[in-house]
Amino acid sequence: MQLAPTSAGLTAAAVSVVSFGTSGAFVKPLLAAGWSPAAAVAARVLVAGLALLPFTLHALRGRWDVLWRGRWRVLGMGLVAVAFTQLAYFAALTRIPVATALLIEYLAPLLLVGATWAATRRRPGATVLAGSALAVGGLVLVIGPGAVQAVDPLGLLIAFAAAIGCAAYFVIAARPADGLAPTALAGTGLLLAAVLLLLAGALDLLPFTAHFGEVTVLGQAAPWWAPLLVVAIIGTAIAYATGIAASNLLGARLASFVGLLEVVSASIFAWLLLGEELTLLQLAGGALILGGIAAVRAERPAAPAPEPVVCLA
């Protein structure tokens, strides 16, 4: 029995959220061993793109015209949604705390609500506004109330740029596929992003350091490539492919709200795998985010509201 589009979209979104949530637990050993954040991201994106390459080629099956028709989506995914967002996020971390950067980046759903409001000149429904408030409140509780603090203005601006990139990811993923499968968009986008990130490292735009020795994973010594493979295949390749599929089925706005659960997923994995504390406040925040998602999903507009327009052609 086939799942309805919304059910299939929510299932894909759940897989994406859980997959993305594993990233922190397996990137952390690399960072602790001496990898710079930019080098770790470039490596995970490159390996993920290569892992998806066979599936990308199978999805295309020689139909290069499909790739050409979707070239602007591929460019947008690789340059904006992946490379720009990652670069902006790590640049923000040089000036502001991690919790603050995360909080600002995950304001992406609110940006989409505001963009739709501006594009349609129609105020969002009460359920969407209530859902937005619940989701942001829950996000603050999960990340930590200490994330709301006065910090470096330039760092805040760069983190906001990362939020724009994150919002662009959902919009680009939600655009009509026109024959370009989610795996193909994810695979080509990730490979393009890897080229840009490696170029940024080669030009010394970002610090690139790596340690090719043993690292400590879950309390055990392991080769450096072990956690990299996990974060590349599960936390990047599967996460992006299913996330794109979810956005295509659910639309950018609902998919972005479901994406907030990535923070909850990451906290749970950090608790299970790294022994980090998981507080009742964080669990309450997760419940608020779920309430926000339910409220946004419950909206029934009188006429279909178009997604915010992003010029990719």
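How many aromatic pairs does the count come to in this model? By the rule used here, six. Under that rule, rings of Phe, Tyr and Trp (its six-membered ring) pair if their centres lie within 6.5 Å, with planes under 30 degrees apart called stacked, over 60 edge-to-face and the rest tilted.

Take Phe20 and Tyr240: their ring centres are 5.1 Å apart and their planes sit at 80 degrees, so this pair is edge-to-face. It links distant parts of the chain, with Phe20 in helix 1 (residues 5–21) and Tyr240 in helix 11 (residues 225–250), 220 residues apart. Helices here are DSSP runs (H or I, at least four residues), as are strands (E, at least two), numbered from the N terminus. Phe20 counts as buried at 14% relative accessibility, and Tyr240 counts as buried at 8%. Buried means under 20% relative accessible area, exposed over 50%, and partly exposed in between (1.4 Å probe, protein chains only). Phe20 and Tyr240 also belong to one aromatic cluster with Tyr169 and Phe170.

Now over to Phe212 and Trp224, an edge-to-face pair at 4.9 Å centre to centre, with 75 degrees between the planes. Phe212 is in the loop between helix 10 (182–202) and strand 1 (214–217), and Trp224 is in the loop between strand 2 (220–223) and helix 11, so the pair ties together parts twelve residues apart in sequence. Phe212 is exposed at 59% relative accessible area, while Trp224 is partly exposed at 24%.

A word on the basis: this is a predicted model, where local features need pLDDT of at least 70 and side-chain atom pairs count only at pLDDT 80 or more, while totals for chains, interfaces and linings use all residues. Residues are numbered from 1 along each chain as its sequence is written, and side-chain values use heavy atoms, leaving out hydrogens and water.
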